[in-house]
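Student: I would like to go through this model term by term. Please set each value against its definition.

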Amino acid sequence: MLTSIGEHPGCSTNELVRLSGTAPPTASRHAATLRGAGLVRTARHRNTVLHTLTALGANLLDAPRGG
């Protein structure tokens, strides 16, 4: 979900559903969890909720993967 938001900044929850192949409640819960962790910022635009990465979320995606 974090990667999807990083690749599609400003995506809506409905777009997250399509990108991740999850149900709407699942996408919403994931976004809320990421928001609670400070990795995603959520803004309302009329009746749509839009998700973007915070600096922390972007740094996490850019971090080297261990192996």
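Tutor: Start with helices. Helices (H or I, at least four residues) and strands (E, at least two) are DSSP runs, numbered from the N terminus. The expected span of a helix is 1.5 Å times one less than its number of residues. As for the source, this is a predicted model: local features need pLDDT of at least 70, side-chain atom pairs count only at pLDDT 80 or more, and totals for chains, interfaces and linings use all residues. Residues are numbered from 1 along each chain as its sequence is written, and side-chain values use heavy atoms, with hydrogens and water left out.

Student: What does the chain contain, and in which order?

Tutor: The chain has four helices and three strands. From the N terminus the order is α-β-α-α-β-β-α.

Student: How do you know that H3 has the span expected of a helix?

Tutor: H3 covers residues 24–36, 13 residues. From first C-alpha to last it reaches 18 Å, close to the expected 18 Å. Just after H3, glycine 38 has a positive phi of about 80°.

Student: Why is serine 4 called buried?

Tutor: Buried means under 20% relative accessible area, exposed over 50%, partly exposed in between (1.4 Å probe, protein chains only). Serine 4 has 14% relative accessibility, so it counts as buried. Serine 4 lies in helix H1. Contact means heavy atoms within 4.5 Å. Leaving aside neighbours within four places in sequence, serine 4 contacts Leu16 and Leu19.

Student: What makes one side of H3 a buried face?

Tutor: Ala27, Ala31 and Leu34 of H3 are buried. Seen down the axis of H3, its buried residues fall within an arc of 65° (taken from the directions from the helix axis to the C-beta atoms), so they line one face. An α-helix has 3.6 residues a turn, so residues three or four places apart point the same way. On the other side of H3, Arg29, Thr33 and Gly36 are exposed.

Student: What covers the buried residues of H3?

Tutor: The cover includes helices H1 (2–7) and H2 (13–20), and strands E2 (40–45) and E3 (48–53). Take alanine 31: not counting residues up to four places away in sequence, it touches Leu16 and His51.

Student: What makes a set of residues a nonpolar core, and which residues make up the largest one here?

Tutor: A nonpolar core is a set of buried Ala, Val, Leu, Ile, Met, Phe, Trp, Tyr and Cys residues joined through side-chain atoms within 4.5 Å. The largest has 11 residues: Leu2, Ile5, Cys11, Leu16, Val17, Ala27, Ala31, Leu34, Leu39, Val40 and Leu53. H3 gives the largest share, three residues.

Student: How do you know that E3 pairs with E1 and with E2?

Tutor: Two strands pair if DSSP finds at least two bridges between them. E1 (residues 11–12) and E3 have two bridges and run antiparallel. There, serine 12 stands opposite leucine 50 in E3. E2 and E3 have six bridges and also run antiparallel. Arginine 44 has valine 49 in E3 as its bridge partner. E2 and E3 form a hairpin with two residues between them, and arginine 46 in the turn has a positive phi of about 60°.

Student: How do you know that the radius of gyration agrees with a compact globule?

Tutor: The radius is taken over C-alpha atoms, and the globule rule is 2.2 Å times the number of residues to the power 0.38. For 67 residues a compact globule would be near 11 Å; the chain has 12 Å, which agrees. The C-alpha trace spans about 40 × 20 × 20 Å along its principal axes.
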